[in-house]
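Reader: Could you take me through the backbone and the burial of the model shown here, reasoning step by step?

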Amino acid sequence: MKAYILAGGESSRMKTNKALLDIKGITLIESIAKQLHSFDEVVIVGNPLSYQHLSYRVIEDIEKNKGPLAGIHSALTDAQDPCFICTCDSPILLKDYFISETGIFQLNGEAIFFPMIASSEDIQKIESLLSGTNWSIKNYLKTCPKQIHHITSSQPIWNLNTPSKYNDYLESIS
């Protein structure tokens with residue numbers, strides 16, 4: 001199974017490319033990719049120019065400017081099989097829970113959209129959503145219902161999408 005890191009967003013709240021934030025001497029996206037070493041291949045979905053210095057294959061969104069759903073679509077089109085999909089702004093992936101079944105995760109009773117295991121069977125439904133105006137992940141999950149994998153962990157899920165969350169995370173790991 002391949003793993004895909006969605007890294008094509010504008011990082012508007014962070015004001016800089018989140019994937020390239022420094023985490024103990026390496027970029028956030030490199031930190032995430034290292035956690036994915038057990039997958040057949042790690043692929044970045046984003047702008048190839050932003051990540052050309054990395055040793056990972058980079059693919060662009062097929063549908064431009066349509067949010068993370070476009071990234072999921074590009075990953076599934078590339079994978080042609082179920083694949084693991086995560087974002088570039090969550091530095092801890094709870095890799096003990098990586099599984100091969102399609103679905104989304106519920107952590108300590110709270111739904112989380114990423115990471116997810118998505119199936120190429122969803123491509124046509126995603127294309128239909130992308131041709132409209134509601135490209136939200138919630139809409140995707142309603143259209144393509146997923147099995148929910150319940151996990152429990154005392155380790156928090158971080159989403160580094162603002163400077164204050166980034167600073168809080170750095171403080172927590174120092």
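Author: Helices and strands here are DSSP runs, helices of at least four residues and strands of at least two, numbered from the N terminus. The model is a predicted one, and its protein chain has six helices and nine strands.

Reader: In which loop is glutamine 80 found?

Author: Phi of glutamine 80 is near 60°, a positive value in a residue other than glycine. Most residues other than glycine have a negative phi. As for its place, glutamine 80 lies in the loop between helix 3 and strand 6 (83–87).

Reader: Does asparagine 65 count as buried or exposed?

Author: Asparagine 65, also not a glycine, has a positive phi of about 60°, and its place is the loop between strand 5 (57–59) and helix 3 (67–79). The cut-off for exposed is over 50% relative accessible area. Because its relative accessibility is 68%, asparagine 65 counts as exposed.

Reader: And how does glutamine 80 count, at 49% relative accessibility?

Author: Buried means under 20% and exposed over 50%, with partly exposed in between. Since glutamine 80 has 49% relative accessibility, the residue counts as partly exposed.

Reader: Which residues of helix 1 are buried?

Author: Helix 1, residues 28–35, is mostly covered, with six of its eight residues buried. The cover of these buried residues includes strand 1 (2–7), strand 2 (22–23), strand 3 (26–27), strand 4 (41–46), helix 2 (48–51) and strand 6. The buried residues of helix 1 are Leu28, Ile29, Ser31, Ile32, Ala33 and Gln35.

Terms used. Residues are numbered from 1 along each chain as its sequence is written. This is a predicted model: local features need pLDDT of at least 70, side-chain atom pairs count only at pLDDT 80 or more; totals for chains, interfaces and linings use all residues. Side-chain values use heavy atoms; hydrogens and water are left out. Buried means under 20% relative accessible area, exposed over 50%, partly exposed in between (1.4 Å probe, protein chains only). Contact means heavy atoms within 4.5 Å.
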